Amino acid sequence: MSDLSLPFDTRYLPVKKFHHEYRRSIEQPEEFWAEQARQLDWFRPWDKVLEWDPPFAHWFAGGLLNASHICVDRHIKHWRRSKVAIYWEGEPGDTKVLSYSTLYNEVNRFAAMLRNRGIGKGDRVALYLPMLPELPIIMLACARIGAPHTVIFSGFSAQALADRVNDVGAKLLVTADGGYRRGKTIPLKTVVDEALTMCPTVESTIVVRRANIPVSMKPSRDFWLDDLLEQEAPYIAPEPVESNHPLYILYTSGTTGKPKGIVHSTGGYMVHNYCTYKWAFDIREESVYWCSADVGWVTGHSSIVYAPLAHGAAIVLYEGAPDYPNVDRWWHIIDKYGVTIFYTSPTAIRMFMGYGEKWLAKHDLSSLELLGSVGEPINPEAWVWFYRHVGGERCPIVDTWWQTETGGIMISPAPGIECVPLKPGSATLPLPGVDADVVDESGNPVPPETRGLLVIKKPWPGMLLGIHGNPERYQQAYWSRFPGIYYTGDYAVKDRDGYFWMLGRADEVLKIAGHRIGTAELEDAAISHAEVAEAAVVGKSDPVKGESIVIFVRIKEGSSPTQDLKQAIIKHMRQVVGPIATPDAVYFVTRLPKTRSGKIVRRVLKAVAENTPIGDVSTLEDEAVVEEIIKIYQELKQVQEVK
Ligand code: PRX
């Protein structure tokens, strides 16, 4: 794929150690995972490594542990108590540095505060916060008392927030008065006020003071955090929870309009993340680890909070926009904190590529040892740019494939064991314990260089426990297509060396700047506009964001297809879902291409959006409508041309 000669490229070296570990993990999974799990602190060892009642897994059954104990307590009994746990930088430039002993005190103080608010084991706590130090602290405080947290990305609208809070049945919601983004303050508490008119389960709200903007506080429901925290940190003993006790529930998009609450365990999740961060990132206690994602996504859960802190590393937490006040803000942060491992998304890399190398030249990035990419396929050009200009041709890039559902990294180079030869654009090979394959529609493995569906053939410790409140959907979405095998929803191809190349989603889920959003969610949002009768969304390739949203709208009789209406629909979608739901193009159409059963033929719309030929539809769909579809395609192309 690339003619680069990379200094760390071990193409001609036998990567014996890696292959040996991998083989062992597949041949003797229980022995292998027990060995890994022993590296964590358990209050009681497990009785059985895995109870597998497909599709429900119980890893380390009977074992008792606590994630906050693993991430915090065990470091304060060690020299690490005085080392940095969190370097936090606010967008305006204010900073905070927390040592592990400070983090420990804070987690205890917050846990006491949660208990005082009546939160106990099993109660769900929703967090709608900017990237503040309070966010990981509250997550760990929840974990400490056995209360599963649900972090909701602070870019979501009131409606999206309310939907998630209601689905999870949260008793308490933690937010901030506001947060900073591109120099402006975002009024989070106002969004919360609107959401809470729709959330009957929430008994109280705790508000972190951040932006110092006026907010309304409802007596006996809303409390300022400062007023609730005691001065002296009490000791709150970490609650020993059974391995399958839910650590958190995180919402993600699927193929229906309703987001899925992905439930993660404590034991399996912690073991998976502890190991894979060692393997993929070679993370150590002396690492300064920066994952640029928001904690509102799974990457933030595993890569900002649970995995690096379990290793006693220092994390960097940055509040604001990547290119504010200047486009070198990120390079400045790497230089300032001596970041050693930097983990980001292809969209961010492509955006910085566009700004040019001159912004990097002003900063010393020589502390970097390893780079990571996640969330969407990375094109070889972006990979090479990242390698050359950010990594100074010194740092391996780990392209890590995983999902909210997998809980942790699944396919990635493993320099922490032994780095396999890298190929720009490939996530390389599955990590130990991960039995991945590429199959055809019938579930048979496809030959090398053939596109197919990515599946995982054996349970793994970080796997989701299920979908909150919906075991049928869990079974149906992941385990029904190929019984007993996990369906990822991704296309992939394996090359002749067995390397995996990810080719994007095979289902109706888009990846906009690495953020996952279902076409159905976007269509529901558009249809809720008073003048929209019908809508269909497709993704269009975008040189920076990977994909952008294109929406085809049929408006109601009596409405006029004006530019103002286009803008109003865009605004409405942003309001219903949040800014990530902003379409890049809106086409007004008089009809949509559909099969006889009424299913929208998205590939026709995609061809229109991408301005590519329609291809052969005769074999695919409902024959009776083929002609009709071609006619509609031609009509739509005209709409596009006059746009
Ligand atoms: O399509 C794959 C893509 O992101 C999807 C999962 O999205 P989400 O649950 O939001 O989690 C993202 C971060 C873990 C996958 O189904 N994806 C993730 N990583 C990669 C990727 N596509 C290509 N290469 C990757 N490294």
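## L370 and its strand

L370 counts as buried, at 5% relative accessibility (buried means under 20% relative accessible area, exposed over 50%, and partly exposed in between, with a 1.4 Å probe and protein chains only). L370 sits in strand β19, residues 370–374. Helices (H or I, at least four residues) and strands (E, at least two) are DSSP runs, numbered from the N terminus.

Keep in mind that this is a predicted model, where local features need pLDDT of at least 70, side-chain atom pairs count only at pLDDT 80 or more, and totals for chains, interfaces and linings use all residues. Residues are numbered from 1 along each chain as its sequence is written, and side-chain values use heavy atoms, with hydrogens and water left out.

Which residues does L370 meet, leaving aside neighbours within four places in sequence? They are A280, F281, T340, I341, F342, C395, P396, V398 and P415, where contact means heavy atoms within 4.5 Å. L370 and Y387 are 17 residues apart in sequence, and their C-alpha atoms are 9.6 Å apart in space.

## The nonpolar cores

F281 shows up again in the largest nonpolar core, which has 171 residues. Such a core is a set of buried Ala, Val, Leu, Ile, Met, Phe, Trp, Tyr and Cys residues joined through side-chain atoms within 4.5 Å. Within this largest core, L103, M270, F281 and Y306 touch the most other members. Domain 1 (100–239) and domain 2 (512–642) both contribute residues, so the core lies between them; the domain bounds come from an automatic or database domain assignment.

Setting aside neighbours within four places in sequence, the contacts of F281 include Y289, Y343, L370 and V398. There is also a second, separate core of 34 residues, with V327, W330, I333 and A348 among them.

## An open sheet

How many strands form the open sheet? It has 7, in the order β5-β4-β17-β16-β18-β19-β20, with mixed pairing (two strands pair if DSSP finds at least two bridges between them). At the edges are β5 (95–99) and β20 (397–400), each pairing on one side only. Neighbouring strands are turned by 15° against each other on average, direction ignored.

Strand β4 (residues 84–89) runs antiparallel to β5, and 5 bridges join the two. One of the partner pairs is I86 with L98 of β5. Helix α4 (residues 100–116) lies across β4 and β5, at about 90° to β5. Axes are lines fitted to C-alpha atoms, for helices over the stretch in contact, and angles run from 0 to 180 degrees between N-to-C directions.

Helix α1 (residues 16–27) packs against helix α2 (residues 29–37) at an angle of about 115°, with the axes 5 Å apart. That makes α1 and α2 roughly perpendicular (65 to 115 degrees; under 35 counts as roughly parallel, over 145 as roughly antiparallel and the rest as oblique). On the α1 side, the contact is made by E21, R24, S25, I26 and E27, and α2 brings P29, F32, E35 and Q36.

## Loops worth a look

A cis peptide bond joins P54 and P55, with omega about 0°. P55 is in the loop between β1 (48–53) and β2 (56–61). Another cis bond links Y324 and P325, with omega about -5°.

Is S220 buried or exposed? S220 is exposed, with a relative accessible area of 66%. S220 also has a positive phi of about 60° although it is not a glycine. H245, in the loop between β13 (241–242) and β14 (248–252), is buried at 14%.
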